[in-house]
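Open the model in your viewer and keep the selection panel at hand. The stops below are given in the order in which to select them.

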Amino acid sequence: MSDDATSTTIQDASPGAALGRRSFLALSGAAVAVAAGGSGALATGRPAALPAHRPGHPHPGRAAERAAVAFLQHATDAYPTVNTGPRLAQSYADELGLFSTAFVYDNALAILALLADGRRSALATARVLGDGLVYAQEHDPAHDDGRLRQGYNVGPYTFYDGSPQPNGFVQPDGTANIGWQFGFLGTAVGDMAWPGIALVQLYGRTRERRYRDAAVRIGEWITTNTWSTKPLGGFSFGVNGANEPVPNGSTEHNVDCVAFFTMLRTVTGDRRWTKAAAHARAFVDGMWSRADGWFWTGTNDGVEINRSPVPLDPATWSWLALRERRYAPALDWAARALAVQDDAAAATSQLPDGERLSGVTFSTASLTSTAQYNGITVHPQGVWLEGTGQLATSLADRGSHHDRMRAAALLAQVRHAQDVLGAGQHLGGVEVAGGVVAASSLLDSGFGFGYFQVQHVGATSWFLFASTRTNPMRWGGLR
């Protein structure tokens, strides 16, 4: 996620507003709030009781994977009458109130998760989404420099002010339908690096050069527009919707860049990507707090380190991208310090009666927040299911016996959430199942946005990475 992003209300969502990568808007009537990707995480209490696998019956993990892949395919095909060619997947179920918004981060994850699934139908959907990213890059209504916007519209709807939005992903004039209604017009480094990773991995599977070429254009945009010469170095946040530079620098974004540029060096043989990866890596190294065993979130100005709050993402993604043993303690810190247990008996829990769910939350600030979104108070013990999938993926990749046990326990919790949360939700007005909700109960990230109990492409993709033991941030990491 974009830890150092500036959040804004819908009233301020002008072309110049800077929005975080996973910023999303939760709307309830006229109310609007900005919101947005021992046993460790089970250490806060007894986990929910989970059904045992019965011999002679299909393994629940395989059935859960199939259901998750089907959800990603439904999200891709939510508007079949208007999207018959390249397209993107709607990020969240309709119930969030973002209509047909498709975030490029979520779509990158979906491509990677579908590649990890490996079946022919999944590969076909991954190619459709890859074609959607390439189309968006080549048909931006204002720029021809390789950028992608934060989000796009992929289906028709009527906006909250009553104005009709009749088009799908491709506008009548052939341009990509950028997400101007919600202000999702900016371009963030992380929002570029993840699609770049997805396109490189898609090239690796298909050997279609257009995917590699699109990834190279993404890399060139990042290095041309965000290479920071300030004391902390690395790559800055990106640009807002008015194409103005955003000076923040994110540890997680620079981890993304290390992974992406390393892959580009592998598939192109071009040494400039080695230099770019080293530039990002130096920033990441500078954010490590050895005494605490965590990474700081980044910087607001390129000069001073932003030390609060401390998020999960740099801990999990640094392992997946770098596999540095000196940074391995970050996973143990995250599993211990960010552990939560959501219990339906708690006053602010949104779990169904009798349910209990364990995992991790977003950041150190999430554990004590009393914020409200749309008049609803957050639950400090809400489980961030995308992050829980990240931690399970990272522990499984690190691979000790104890890590595998902890990863399996976390994965079982996410699988249970898939079974019991998000029922009756919709994509494009059609009821869907199989998606993992973003959070077990409303939680606050600590960075000005929250996560809701709504089915989410990003959370579902991280579940699939954990379930298939996939490392999406390494070349050759897909099964």
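A residue is called buried if its relative accessible area is under 20%, exposed if over 50%, and partly exposed in between, with a 1.4 Å probe and protein chains only. The model is predicted, so local features need pLDDT of at least 70 and side-chain atom pairs count only at pLDDT 80 or more, while totals for chains, interfaces and linings use all residues. Residues are numbered from 1 along each chain as its sequence is written, and side-chain values use heavy atoms, with hydrogens and water left out.

Start with the whole protein. Of its 479 residues, 62% count as buried. The secondary structure consists of 12 helices and 22 strands; these are DSSP runs numbered from the N terminus, helices (H or I) having at least four residues and strands (E) at least two.

Next, show the aromatic side chains. The whole structure holds 32 aromatic pairs. Rings of Phe, Tyr and Trp (its six-membered ring) pair if their centres lie within 6.5 Å; planes under 30 degrees apart count as stacked, over 60 as edge-to-face and the rest as tilted.

Select Tyr373 and Phe452. Their ring centres are 6.1 Å apart and their planes stand at 75°, so this pair is edge-to-face. Tyr373 belongs to strand E17 (residues 372–373), and Phe452 to the loop between strand E22 (450–451) and helix H12 (457–468), so the pair ties together parts 79 residues apart in sequence. Both Tyr373 and Phe452 are buried.

Move on to Trp462 and Phe465, another edge-to-face pair, with 5.0 Å from centre to centre and 90° between the planes. The two are 3 residues apart in helix H12, which means a separation of about one helical turn. Trp462 is buried, at 0% relative accessibility, and Phe465 is buried with a relative accessible area of 0%.

Then select Phe99, Phe103, Tyr157, Phe159, Tyr160, Phe182 and Phe184, which ring pairs link into a cluster.

Two arginines come next. A charge sits over a ring if NZ of Lys or CZ of Arg is within 6 Å of the ring centre and within 35 degrees of the ring normal. Arg212 has its charged end over the ring of Tyr203, 5.7 Å from the centre. Arg307 lies over the face of Trp296, 4.9 Å from the ring centre.

Finish at His279 in helix H7 (residues 272–286). What does the side chain of His279 make a polar contact with? The partner is the side chain of Trp227, at 3.1 Å. A polar contact is a pair of N or O atoms within 3.5 Å; within protein, one must be able to donate a hydrogen and the other to accept it, and residues adjacent in sequence count only if both atoms are side-chain atoms. His279 counts as buried, at 16% relative accessibility.
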